[in-house]
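Subject: A structure for you to explore

Hi there,

Here is the structure I promised to pass on to you. Have a look at it first, and then read on for what turned up.

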Amino acid sequence: MYTGTNTGTYSKTCTRCAQRLCSVAPGDTIFAVSSGHGRCGVAVIRSSGPGSGGALRSLTGSPELPPPRVMALRRIRDPHTAELLDHGLVVWFPGPHSFTGEDCAELHVHGGPAVVSGVLRALGRLSGLRPAEPGEFTRRAFHRGKLDLTAAEGLRDLIHAETEAQRQQALRQMEGELGRLYQQWGETLTQALAHIEAYIDFSEDDNVEEEVLSQVDAAVRALERQIAAHLQDGRRGEMLRSGVRAVIAGPPNVGKSSLLNLLCQRPAAIVSPVAGTTRDVVEVSLNVSGYPVVLSDTAGLRDATDPIEQEGVSRARERLQHADLVLAVLDATTVPTDPAELGAALGSLVPPATPCILVLNKADLLGGHTGALCDSCTRGPPLPPTTLLSCKTGEGTERLLQLLGEQLAQLCGDPLAGSPSLTQSRHSTQLGGCMAALALYRQQQDVGMAAEQLRLARRHLGRITGHVGAEDILDVIFRDFCIGK
């Protein structure tokens, strides 16, 4: 710990540390605030690279580094001016036992803008140090084998997670479960390819029996079944990551905008007794029972004559075609009581096979006479989950949220149960390419061509984890990270 030398002695010490930094840093060293920006109690400034140790010595004025992975209290000064910047905690992470695999240092300082900018300015003056690009710390961790691309994507998703289910899924992926699954499949293909190549090279010498090809075929068929099941997960992982696309749909003036405002607890949409008020799609993001929802209020569905309203209806129908879940809203005071008519009214709103919740709004106007309406919902063809609601009084909100939570749980599943889910469209693309290559493998009569298809299938799996041909997608993945991550 710095115990109080005069500024002249301190400046000389800092100069020697800076010179030592330059002499031991063959590559560049990056630094950034890793704790987020804005005023806060504590800000964490991280560096990674061969100059991290020298930078830590320079700013603390100490010739010795603190013990690895142990916090130490230090005075932090600008090495060029000897000005005291802050009292803070410092941590030293010598490589390869660090997040990036390189030498890393962290400065835990007070989070005021002046303190943070002063420390960053001091680091920027040291030779061999430069500010980090977005995602560069994680990118270095990937290049040093600390994590594969699926784990890096999980870390990014964890940083951006807003709901409990998102956090659970992202943490599971960051810990490597998805990467290990793909790696296991890659090893299956590697073993199958090795057996085929052994057959090609040594079958004439009778050192490899022909039944080895049958074993390879069986392994490939089993792998195809596993990948097919993985692909047919109903977009669970993607919905959890990006949000379930829920659309409020119904005729004009049934309370769709009121329902949106009720669920998001703020006046996000204009409410008016005039039919056709909503012309464009109004979208809000919600956290419902721990699941992310992107909820859209749409124009009332009818045969409009006004050109602007026609465009609104067109956008509403387009949004319905891409919906994961529909909240179909009907006026409880005018809804047909005949089961067939009620089913037809619902069918005109909801695309086939799309999960739906039927919301009968304006229940406060029924005057307590709900028996006939309830009977019509129980008679005839089965209806989707149905609830009475009054957006005006709030009665029925709890039941609606219960039904919504149940539907979301069915759509997204338990992020902690079973095999890890697909979370990225690029995973689906590469797995589709892998399946196509395996299908071509089964069609080949020539053993050499069959082996080539296995190589191609393995290459597609390798692109997911970054073990094969990752350079062309690294920028796409890491540009969405914050600076300092």
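Predicted model: local features only at pLDDT ≥ 70, side-chain atom pairs only at ≥ 80, totals over all residues.

Searching the whole structure for cavities of 30 Å³ or more gives one, and the largest cavity has a volume of about 60 Å³. Its lining is made by Ile45, Arg46, Ser47, Ala55, Leu56, Leu59, Ala105, Leu107 and Leu123. Sorted by the definition above, the lining has seven nonpolar residues, one polar and one charged. At least two lining residues come from each of strand E2 (42–48), helix H2 (52–60) and strand E5 (104–110).

Next comes the open space. The largest pocket has a volume of about 410 Å³. It is lined by 25 residues, and those closest to its centre are Asn253, Gly255, Ser258, Val271 and Ser272. Which helix gives the most to this lining? That is helix H10 (residues 256–264), with three residues. The lining of the largest pocket divides into 10 nonpolar, 11 polar and four charged residues.

Now for a sheet. Six strands form an open sheet in the order E8-E9-E7-E10-E11-E12, and the pairing is mixed. At the edges are strand E8 (282–288) and strand E12 (386–388), each of which pairs on one side only. From one strand to the next, the twist averages 25°. As a reminder, strands of a sheet pair through backbone hydrogen bonds, either parallel or antiparallel. Strand E7 (residues 244–249) and strand E10 (residues 325–331) run parallel and are joined by four bridges. If you want a spot to look at there, Ala246 stands opposite Leu325 in E10.

Which residues of H14 are buried? They are Thr397, Leu400, Leu403, Leu404, Gly405, Gln407, Leu408, Leu411 and Cys412. When you look at that list, remember that an α-helix has 3.6 residues a turn, so residues three or four places apart point the same way.

Enjoy exploring!

Best wishes

Definitions and conventions:
Residues numbered from 1 in each chain as written. Heavy atoms only, no water. 1 Å grid on protein atoms, 1.4 Å probe; cavity = no way out; pocket = protein on both sides within 12 Å on 5 of 7 lines; lining within 4 Å. Points joined across faces, edges and corners; volume = space filled by probe spheres on them. Nonpolar A, V, L, I, M, F, W, Y, C, P; charged D, E, K, R; others polar. Buried < 20%, exposed > 50% of the residue type's maximum accessible area, 1.4 Å probe, protein only. Pairing = 2+ DSSP bridges. Axes fitted to C-alpha atoms, helices over the stretch in contact; angles between N-to-C directions.
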